[in-house]
Amino acid sequence: MADYLTEEEQAARLQKLWRDYGLILVLALVIGIGAVVGWNYYQQSQAQAKEDAAYKFQEFFVERAFDSDLDAFLEEMGKTRAGARYVPLALLYRAKDAVEAEEYDTALQFLEESLKRSKDKILDDMILVRIARLQMQLQRDEEALKTLANVGEDYKFFVMELTGDIHRDGGNFAEATNAYEQAMELTTSGIDRERLELKMALMPSEETTNDQPNTSS
């Protein structure tokens, strides 16, 4: 009889717990299941969005090859978060095309727009180096040097070599040599070192340039 009463008491307690907390338990279960389903759906939708954006970026190369309206295409691609990540890269290719057509001002605009849209520091630095090269091409040396001052350490070698190029073209051979020597210290590449050594070997020294013969007498 005691065992029977114990089971009856336990049943009564379970009934009371269900009356008091049953709705809460059901809601917790529903919320838990909903969270899992929602998270899985979110993950799947994110993966699908990335896949769609990657496909759209591949489509960009087709449009580029056929000289389509790339402005409208990139505007459409940038409407989604995943697609917007590819727009800076697409703009780099547009800048490359403009450079090959010797449309340097247009190329510079593409690079500046790419920098504005970029969310990646390494990509930012690469774009800044390319901007500086174009500024040098356009004989805007002071702007190019200011641009290079914003480039991070990962691109330090390219910064120093380009700094040397800018000073060399401006006739500041001592500063150019100093920049090339710093670049030499930053690389272990034999090809890079040979290129820098050649640039220094072909560059006149400040002393030679300034040593003009006196023909007044």
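In this predicted model, Y104, A107, L108, L111, E112, S114 and L115 of helix α5 are in contact, meaning heavy atoms within 4.5 Å, with D124, I127, L128, R130, I131, L134, Q135 and Q137 of helix α6. By class, the contact of α5 with α6 comprises 9 nonpolar, 3 polar and 3 charged residues, where Ala, Val, Leu, Ile, Met, Phe, Trp, Tyr, Cys and Pro count as nonpolar, Asp, Glu, Lys and Arg as charged, and the others, Gly among them, as polar. Helices here are DSSP runs (H or I, at least four residues), numbered from the N terminus.

Residues are numbered from 1 along each chain as its sequence is written, and because the model is predicted, local features need pLDDT of at least 70 and side-chain atom pairs count only at pLDDT 80 or more, whereas totals for chains, interfaces and linings use all residues. Side-chain values use heavy atoms, with hydrogens and water left out.

The geometry of two helix pairs is set out below, with axes taken as lines fitted to C-alpha atoms over the stretch in contact and angles running from 0 to 180 degrees between N-to-C directions.

| Helix pair | Angle | Axis separation |
|---|---|---|
| α5 and α6 | about 160° | 10 Å |
| α6 and α7 | about 170° | 8 Å |

The angle of about 160° between α5 and α6 makes α5 roughly antiparallel to α6, a term used for angles over 145 degrees. The crossing of α5 and α6 is left-handed, that is, the near helix is turned anticlockwise from the far one by less than a right angle.

Helices α6 and α7 are likewise roughly antiparallel to each other. Their contact is made by L128, V129, I131, A132, Q135 and M136 of α6 together with D141, E143, A144, T147 and L148 of α7, and these residues divide into 7 nonpolar, 2 polar and 2 charged.

Leaving aside neighbours within four places in sequence, I166 is in contact with M136, D141, A144, L145 and L148.

L74 lies in helix α2, residues 70-77, and is buried at a relative accessible area of 6%, buried meaning under 20%, exposed over 50% and partly exposed in between, with a 1.4 Å probe and protein chains only. Not counting residues up to four places away in sequence, L74 touches F60, V87, A90, L91 and R94. The C-alpha atoms of L74 and F60, 14 residues apart along the chain, are separated by 8.1 Å.

Which backbone angle of E102 has a positive value, although E102 is not a glycine? It is phi, at about 60°. Most residues other than glycine have a negative phi. E102 is found in the loop between α4 and α5 and counts as exposed at 60% relative accessibility. Q139, in the loop between α6 and α7, also has a positive phi of about 60° without being a glycine, and at 71% relative accessibility Q139 counts as exposed.

Conventions. Helices (H or I, at least four residues) and strands (E, at least two) are DSSP runs, numbered from the N terminus. Angles under 35 degrees count as roughly parallel, over 145 as roughly antiparallel, 65 to 115 as roughly perpendicular and the rest as oblique.
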